[in-house]
Amino acid sequence: MAEYEQHDHDHIEHDHMTIPKYIGIFLVLVVGTILTYFAATVDLDFIFPGANTLVALLIAFTKMTCVMLFFMHVYWSPRMIWLSAVASFFWLAIMFSYTMQDYLTRDPGVFSP
Amino acid sequence: MQDAITAEYSGPPKLNYLNNGFTLKSWLLTKDHKRIAIMYLITVSLFFMAGGLYASAIRLELLTPASDLLQTGTYNKVFTQHGILMIFFFLIPSIPAVLGNFILPIMIGAKDLALPRINLLSLYIYWVGGAFTVWALLQGGVDTGWTFYTPYSTTFSNTYVMAVGLGIFINGFSSILTGLNFIVTVHTMRAPGMTWFRLPLFVWAQYATSLVMILGTPVIAITVLLLAIERFARVGIFDPTIGGDPILFQHMFWFYSHPAVYIMILPGMGVISELISNFSRKKIFGYEFIAFSSIAIAVFGFLVWGHHMFVSGQSVYAGLVFSFLTMVVAVPSAIKMFNWTATMYKGSISYDTPMLYGIGFMGLFLIGGLTGLFLGAIGLTVHLTDTYFVVAHFHYVMVGGQVIAYLGGIHYWWPKMTGKMYSEFWGKISAMLVFVGFNLTFFPQFILGYMGMPRRYSYPPEFQVLNIFSTAGASVLGVGLILPLIYLTQSLISGKAAGDNPWMLPGLEWRTSSPPPTENFDVMPVVTWEAYEFGEESGLDLEGARANESVRTV
Ligand SMILES: [Cu+2]
């Protein structure tokens, strides 16, 4: 308990992330960026239409998770912070899914003439 | 007798937040939430007046079908700038940044907001964003409508779209910081005994608003930024000729801007909960329902944005879903309406100026909300889209709802904020003028819209009579809005001292002096009573005090 309080005052984050770790995460991000570029040069539509977008989003999502967990120290943060982080993702998911709900149902079908 | 309660403090003037420093520096570098609120009040009022001038120009132009006062291009700029100033620089900051800033920490028994420097920063960001926008307007302005719809805004308009967009972008951070500050404050700064379910409902409403602010505002900021990038660098985002999609803009814009309606109206609902309960002198009916309906509005408000896009090319399936969800989001607002009505039932209602605004809100917001359902109905909306029916609907919500609630709140907390009482006579007159003028202005617009008068440009001659009604109403409304400026200012100079608890109410803000000291309370309060407790449990002899008070004439 006492240890916890002490940590609270000393900004615990600095203990968890060291310079080499920061550089490591940075390299992961750089690799992700390069990967995004090369993935975009290959036409992945033979898997299914729009596969390129999915791959690009997956890489972006991984990078973003790294930034949040380690650069922003969410990994070592109290549950309230986790909740906020997850909730904001949920919000982003609402925005994406409800927008796609429009785009993916544009073709003529049950609801359109 | 009453002197015991509302007695003026005799002896050396008590130190309060207003008289503990008079230099410009003591204001501009203050960390006191109350001083920041006052500076917000002044700025917000200036923007309201500027927006009001544009509104007068619109109403004068629409007096005749011909475009005789304003040329068409100028008219486009005038209604655009009316919208931008009113929405981004008045409606959104008004209740949170003025009333919330001032009263929220006092209501929960805190010394200040949790992050006072961030609070000051948000004011400066607001100033910078505002100054930037005003500069852009003076340079030549913008004519895209406050919605900045693409591809007009990205490709065709040759007005100051990017500059105004940047002003709104900057201003967004002010709103995010205010929201963040309120959330942290409510979580960490409540006085001993101030449990979540003892919080005044105004605080719950501000909390819900803050959630919307920090979740929604980044999206509008990014949207405006993307718009600027496309305009500047021709990157294909919204323009179909370079690979973009104009409907995407509408999705992103309304993902923020529908919830932004709740940023504007939720704090107003919070004020009304205070007014209705306190001036009915009755514990609010269904406290938990009102509290959670605020949260429900904040959540469901994010799921309905497509109701602005029924006729703009979104899929029919999406239209169905958004229409259904729009009906759902009406439920929590209806819960509030029913609870307020039930609170007034058998209450001991006093018709002081703030309560007049409170009752006015209930009537006007009811009309505004219900006509929203007309517009959310996927069939009827095809007929009503882009007509004056829409204009009337959102003015009933924004002016009839938010502005009325804001005025009610200002009149309600004015004695606390300034320590001075305004003229109750003139207060009532102006509340009546606002109510009558407002209805005369906007009710004809429902009829005009239903008959087919389009928004944003001129109309055929047979619509002139109702437009004259509307303009006449606007002048009455204008007088009703200018009056408070006069008598509230006058009260600062020659108003009689308000006393600490002029309305005889149990809330924490009425248990400190008026104006409050910089620390808000001389001793840290300990809360042992529920919200809106008028009986002995409140620890105050409110009924006795009120019996004495009734001796006092108006
Ligand atoms: Cu909406």
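Is B:His308 buried, exposed or partly exposed? In this predicted model, in which local features need pLDDT of at least 70, side-chain atom pairs count only at pLDDT 80 or more, and totals for chains, interfaces and linings use all residues, side-chain values use heavy atoms, with hydrogens and water left out. Residues are numbered from 1 along each chain as its sequence is written, while chains are lettered from A and ligands numbered from 1 in the order in which they are written.

B:His308 counts as partly exposed, at 30% relative accessibility, where buried means under 20% relative accessible area, exposed over 50%, and partly exposed in between, with a 1.4 Å probe and protein chains only. B:His258 lies in helix H9 (residues 246-279) of chain B and B:His308 in the loop between helix H10 (287-300) and H11 of chain B, so the pair ties together parts that are 50 residues apart in sequence. B:His258 is buried, with a relative accessible area of 7%.

Helices (H or I, at least four residues) and strands (E, at least two) are DSSP runs, numbered from the N terminus. Helix H11 of chain B (residues 316-344) has 29 residues and reaches 43 Å from its first C-alpha to its last, close to the 42 Å expected at 1.5 Å a residue, the expected span being 1.5 Å times one less than the number of residues. A kink of about 25 degrees in H11(B) is centred on B:Pro332, the bend at a residue being the angle between axes fitted to the seven residues ending there and the seven starting there. Just after H11(B), B:Lys346 takes a positive phi of about 60 degrees.

Chain A has five helices and zero strands, and buried residues make up 19% of its 113 residues. A:Ile19 lies in helix H3 of chain A and counts as exposed, at 61% relative accessibility. A:Phe61, in helix H4 (residues 51-71) of chain A, is partly exposed, with a relative accessible area of 46%. A:Phe61 and A:Ile19 are 42 residues apart in sequence and 24 Å apart in space, C-alpha to C-alpha.
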